[in-house]
Amino acid sequence: MKINAQDEIGKYPLVLTAKEISLILKISKPSAYEVMKRNDFPLIKIGRCKRVLREEFFVWLKTQQENLIKNGE
């Protein structure tokens, strides 16, 4: 049985936290907060809480990958 990437993405909550981003990217939670500080990151601030919509995060992640390939890294 082939696993669809969309099915995998759909297993995550609609709104992701730094903890979930750290698990997805396999980085530390402080490193996830550093990623969330980037100007191009689709951050949602709710008071002091930082969140990102699941779909927007994965679109952003794909864009990062495409930029690396385009720049030959």
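Modeller: On helix 2, the face turned away from the buried side carries the exposed residues Lys-19 and Leu-23. This is a predicted model, in which local features need pLDDT of at least 70 and side-chain atom pairs count only at pLDDT 80 or more, while totals for chains, interfaces and linings use all residues. Residues are numbered from 1 along each chain as its sequence is written, and side-chain values use heavy atoms, with hydrogens and water left out.

Colleague: What makes a residue buried or exposed?

Modeller: Buried means under 20% relative accessible area, exposed over 50%, and partly exposed in between, with a 1.4 Å probe and protein chains only. In helix 2, Ala-18, Ile-21, Ser-22 and Ile-24 are the buried residues.

Colleague: Why are the buried residues of helix 2 said to line one face?

Modeller: Seen down the helix axis, they fall within an arc of 165 degrees, so they line one face of helix 2. The arc is that of the directions from the helix axis to the C-beta atoms. Helices are DSSP runs of H or I with at least four residues, strands are runs of E with at least two, and both are numbered from the N terminus.

Colleague: What covers the buried residues of helix 2?

Modeller: The cover includes strand 1, helix 3, strand 3 and helix 4; contact means heavy atoms within 4.5 Å.

Colleague: Why is the pair of Phe-41 and Trp-60 called edge-to-face?

Modeller: The structure holds five aromatic pairs. Rings of Phe, Tyr and Trp (its six-membered ring) pair if their centres lie within 6.5 Å; planes under 30 degrees apart count as stacked, over 60 as edge-to-face and the rest as tilted. For Phe-41 and Trp-60 the centres are 4.9 Å apart and the planes stand at 75 degrees, so the pair is edge-to-face. Phe-41 lies in the loop between helix 3 and strand 2, and Trp-60 in helix 4, 19 residues apart. Both Phe-41 and Trp-60 are buried.

Colleague: Why is one side of strand 1 and of strand 2 left without a neighbour in the sheet?

Modeller: The open sheet has three strands in the order 1-3-2, with antiparallel pairing. Strand 1 (15-16) and strand 2 (44-46) are at the edges with a single partner strand each, so one side of each has no neighbour in the sheet. Two strands pair if DSSP finds at least two bridges between them; strand 2 and strand 3 (residues 49-53) have three bridges.
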